[in-house]
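Hi everyone, thanks for making time.

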Amino acid sequence: MLPSSTSPAPLTWRDVIYYAKYGNPEPYRRVDKTDDEWRQLLTPAQYHVTREQGTESPYRNAYCRSYEPGVYVCIGCGSPLFNATEKYHAISGWPAFTQPVAKGAVKYAFDDSHHMQRLEARCNVCDAHLGHVFPDGPAPAGLRYCINSESLRRVDDKEDKKE
Ligand code: FE
């Protein structure tokens, strides 16, 4: 077994609340585009989810029941967001992950829309809306990243993860 110092502790609900409240980790790079550029780059459905905080239909989405290996990257900027190994079946109708690929991959914000108090998950590189995080995931971290398939693209491990 590896010494614990080489495998960083998983993010917990406390960590993501802290990030939403006091600021997110620095991204490894930034991608910023104008609204016109995003509209040209994305399909209308991808644009609606990632740039207008939309929510796709439950169950009828690409990755809800898919468990292929690989890495899920941001549809907007190609940055790695989630490993397929962290994907699990949450019976929610959307892809669910227990952890992001790295602490700085996802940024968090409080979202009080639709008469709910939720924690929004965005790509930390291009600010694409991904979905929400909930504290009802599996042990040990207890997190459920409930993510729209439209905001993701799965790539094989061998494929280049950047666009
Ligand atoms: Fe992105």
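Let's begin at the hairpin of β5 and β6, where 6 residues sit between the strands and histidine 114 takes a positive phi near 55°. Keep in mind that this is a predicted model. The two strands run antiparallel to each other and pair over 6 bridges. If you look across the pairing, aspartate 111 stands opposite arginine 118, which belongs to β6.

Okay, now the metal. Which residues hold the iron ion? There are four cysteines, Cys74, Cys77, Cys123 and Cys126, and each uses its SG atom, at 2.3 Å. Along the chain, those donors follow the spacing C-x2-C-x45-C-x2-C. And why do we call the arrangement tetrahedral? Because the 4 donor atoms subtend angles of 102 to 115° around the iron ion, and the rule for tetrahedral asks that all angles lie between 85 and 135 degrees.

Cysteine 123 has a relative accessible area of 0%, and cysteine 126 has 2%. Buried means under 20%, so both of them count as buried.

Cys123 also takes us into the core. The largest nonpolar core has 32 residues, and Cys123 is among those that touch the most other members, along with Phe82, Val106, Tyr108 and Tyr145. Who supplies this core? The elements giving two or more residues to it are the helix α1 and the strands β1, β2, β5, β6, β7 and β8.

Let's zoom in on phenylalanine 82. Even if you skip its neighbours within four places in sequence, phenylalanine 82 is in contact with a whole list of residues, including Val71, Tyr72, Phe97, Val106, Leu130 and Tyr145.

Now for the rings. The count comes to 7 aromatic pairs. Take tyrosine 72 and phenylalanine 97: their ring centres are 5.2 Å apart and their planes are at 70°, so this pair is edge-to-face. Tyrosine 72 is in strand β1 and phenylalanine 97 in strand β4, so to speak a link between distant parts of the chain, 25 residues apart. Tyrosine 72 is buried, at 0% relative accessible area, and phenylalanine 97 is buried at 0% too.

Phenylalanine 82 and tyrosine 145 are also edge-to-face, with 5.5 Å from centre to centre and 65° between the planes.

Last one: Tyr19, Tyr63, Tyr72, Phe82, Phe97, Tyr108 and Tyr145 form one aromatic cluster.

Definitions and conventions
Residues are numbered from 1 along each chain as its sequence is written. This is a predicted model: local features need pLDDT of at least 70, side-chain atom pairs count only at pLDDT 80 or more; totals for chains, interfaces and linings use all residues. Side-chain values use heavy atoms; hydrogens and water are left out. Donors are N, O and S atoms within 2.8 Å of the metal (3.2 Å for Na, K and Ca); water is not among the atoms, so sites may look incomplete. Four donors count as tetrahedral if all angles lie between 85 and 135 degrees; four count as square planar and six as octahedral if opposite donors are over 155 degrees apart and all others between 65 and 115; anything else is irregular. Buried means under 20% relative accessible area, exposed over 50%, partly exposed in between (1.4 Å probe, protein chains only). A nonpolar core is a set of buried Ala, Val, Leu, Ile, Met, Phe, Trp, Tyr and Cys residues joined through side-chain atoms within 4.5 Å. Helices (H or I, at least four residues) and strands (E, at least two) are DSSP runs, numbered from the N terminus. Contact means heavy atoms within 4.5 Å. Two strands pair if DSSP finds at least two bridges between them. Rings of Phe, Tyr and Trp (its six-membered ring) pair if their centres lie within 6.5 Å; planes under 30 degrees apart count as stacked, over 60 as edge-to-face and the rest as tilted.
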